Amino acid sequence: MATKRSARSAGTSPDAHKTDGAADIHWVDIILVMEQKHKNRLAAECSRLLDGKPIHVLDIPDDYKYIAPELVSILQESVAAYLVR
């Protein structure tokens, strides 16, 4: 039987629709970020919380508006490999 997976979305910028927080980081098994700068920011701001949490960079330019249909499509394709485990 397949395990049900859940996901949350949060940004690393103070201007993000929803910013990442300690509760989000504690909740996750893995972290997927769009760009290397997002991984770097998380590592700089939350290093102690990230112990044992793999962070994968999807190499998607952070040039899209929140929930832009094109971005949603790219994310669905990009994250599928990480969620089917």
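Student: Is Asp 24 buried or exposed, and what is its relative accessible area?
Tutor: Before that, a word on the source: this is a predicted model, where local features need pLDDT of at least 70, side-chain atom pairs count only at pLDDT 80 or more, and totals for chains, interfaces and linings use all residues. Residues are numbered from 1 along each chain as its sequence is written, and side-chain values use heavy atoms, with hydrogens and water left out. Now, buried means under 20% relative accessible area, exposed over 50%, and partly exposed in between, with a 1.4 Å probe and protein chains only. Asp 24 therefore counts as buried, and its value is 13%.

Student: Where does Asp 24 lie, and which residues does it touch?
Tutor: Asp 24 lies in helix H1; helices (H or I, at least four residues) and strands (E, at least two) are DSSP runs, numbered from the N terminus. Contact means heavy atoms within 4.5 Å. Leaving out residues up to four places away in sequence, Asp 24 touches Arg 8, Ala 10, Lys 18 and Thr 19.

Student: What about helix H2: which of its residues are buried?
Tutor: H2 runs over residues 36-46. Apply the buried cut-off along it, and you get His 38, Leu 42 and Cys 46.

Student: How exposed is Ile 30, and which residues does it touch?
Tutor: Ile 30 is found in the loop between H1 and E1. Its relative accessible area is 29%, so it counts as partly exposed. Not counting residues up to four places away in sequence, Ile 30 touches Pro 54 and Tyr 82.

Student: I see a positive phi at Asp 59, so where is it, and what is its relative accessible area?
Tutor: Asp 59 has a phi of about 55 degrees although it is not a glycine. It lies in the loop between strand E2 (55-57) and helix H3 (69-83). Asp 59 is exposed, with a relative accessible area of 66%.

Student: What is the phi of Ile 67?
Tutor: The place of Ile 67 is in the loop between E2 and H3. At 51% relative accessibility, Ile 67 counts as exposed. Ile 67 is not a glycine, yet its phi is positive, at about 60 degrees.

Student: Zooming out, what pattern does the protein chain follow along the sequence?
Tutor: Count the elements and you find 3 helices and 2 strands. Read along the sequence, they give α-β-α-β-α.

Student: What is the radius of gyration of the protein chain?
Tutor: The radius of gyration is taken over C-alpha atoms, and the globule rule is 2.2 Å times the number of residues to the power 0.38. For 85 residues that rule gives 12 Å, and the chain's value is close to it, so the chain is as compact as a globular protein of that length. The value is 13 Å.
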